[in-house]
Amino acid sequence: MTVHTMSTTRTGRWRLAGVLGDAGQPPARVDAGGAWELVVDDGVITTLRPTPAGQAGQVDRDDPAGPRDDPAGLAPPTALVLCPPLLNGHDHGRGPGTVDAGIPDAPLEEWLDTLGRPVRPRGQDELVGLAADAMLRAGVGAAVFCVNPTGPDVVGEVRTAARAAVARGIRAAVAFPVLDAGGDRRGRRRGAPGAGRAAVDALIADVERLAGELADEVAGSPAAGLVDIQLGPVGPQWVAEATLARLAEHSAATGRRLHLHLLESPGQRAWADDVYPDGLLPAMDRLGLLTERTTVAHGTQLRDDELALLDERGVTLALNASSNLRLAAGVAPIARAAARVRAACLGLDGLALSDDHDGWAELRLARGLWQAQTHRRVPGAAALALATSAGRAAFGAAAPRPPAEGQLADLVLLDLSPWRHLFGHPDWPLADIAVAAAGPAHVAEVWVAGTRVHHRPEPSSRPEPSSAPAPRPREVPA
Ligand SMILES: [Zn+2]
């Protein structure tokens, strides 16, 4: 497959006003007021280090030969700060959003009925592609796409979803849906038979064939390694125990990751307590589901002992605060999870509060809940870690490496110029500025796996050079 839509810019050089390291801290010495030099050469970060002096700002975008000539001094100094890309630890790819699709917010179990009957239906290419476009504009460099099939060809839809992610240049974990005891929305019986061993083995064979095929399509290209295919048992209440055990066995044998919803709604909590009076999570543990190869999404209704078990097993937990509000599922347990689960991260679930895939607003909401739940200020660096380093494992082989010399460029250049008067102020570490105020409008560039996949349009207010003709007013049809 030829990737036509991906930008091919893989080289650049910048002077930065600061650097946010992987957990929101500067990677080397604290040098918030000084400039940093960043050089990316053929996709690889060759230089990332403080410079002794100099004007922080953009040296140039594409030409490593030297600073851009700007004799008129028209270009305002831009305070670019390097940040790791935000990671979206749980999503589905819902196109421009569920409002566009005509699916009203509602309690989860009701909402699921309308999810399959959108006013504006779209295929996986648009569902994943348009969502990926919006995420990249916001600085989200990787997302988990749990495919919700729109028709009977599940293999075909997962293939299309993965190709859409590759075409957009976003790193993606694409979860192949497994659902064999979903007849009752409220949840299966404990001994529900499911699809049976032969059918599950056939499904696993389909997944492995598809993963190999997709890897072959991009082998040797810059898109190699962008996609990790995962097994997606939709949730324990809708998948038979025998099936869950078989998928866990396959994961243990091959390393293929699992991604499933867990205790998202009060209804699911009630099901778990009814069907597993001795504990759903211990049962999942016995089935082999709770390992460092597993991500669970939501966990809105998890108790402290259950959070502790997830952490003990190395499970990644993707919290989805906006989605939980929109689907009347509860308040995401940000503070309890952050205190107990090392790999507690954030997901948008395709249900950002403003229906716009804005990872920064989600981060701000999560930090706000964390503060409200503890009555304490949460440092920006700790909040930023939820949206960056904590979620890396969810992406398996497609996970980005932290920005550092010698690594492929996976990074966001944030334009924090409006707040440059705060740089170096002891109350305002760069992470606190970013978490407090950054949004898609401040995302100047996004690089994924060594390729620039998004750059902000030049500001429209920038003066034209005097020799250029005045722009013609746009004709507006009457
Ligand atoms: Zn979900």
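**Figure 1. Gly194 in the loop between β9 and α5 (197–218) of a predicted model**. Gly194 is partly exposed because its relative accessibility is 26% (partly exposed lies between buried, under 20% relative accessible area, and exposed, over 50%; 1.4 Å probe, protein chains only). Gly194 and Glu241 stand 47 residues apart in sequence, with their C-alpha atoms 7.9 Å apart in space. Helices (H or I, at least four residues) and strands (E, at least two) are DSSP runs, numbered from the N terminus. Residues are numbered from 1 along each chain as its sequence is written. In this predicted model, local features need pLDDT of at least 70 and side-chain atom pairs pLDDT 80 or more, while totals for chains, interfaces and linings use all residues; side-chain values use heavy atoms, without hydrogens and water.

**Figure 2. The salt bridge between Arg49 and Glu405**. The closest N and O atoms are 3.2 Å apart (a salt bridge is a side-chain nitrogen of Lys or Arg within 4 Å of a carboxyl oxygen of Asp or Glu). This pair links distant parts of the chain, 356 residues apart: Arg49 lies in strand β4 (residues 44–50), and Glu405 in the loop between α13 (380–387) and β15 (411–415). Arg49 is partly exposed at 43% relative accessibility, as is Glu405 at 37%.

**Figure 3. The salt bridge between Glu217 and Arg163**. The N to O distance is 2.5 Å. Glu217 belongs to helix α5 and Arg163 to helix α4 (residues 154–168), so the pair ties together parts 54 residues apart in sequence. Arg163 has a relative accessible area of 31% and is partly exposed.
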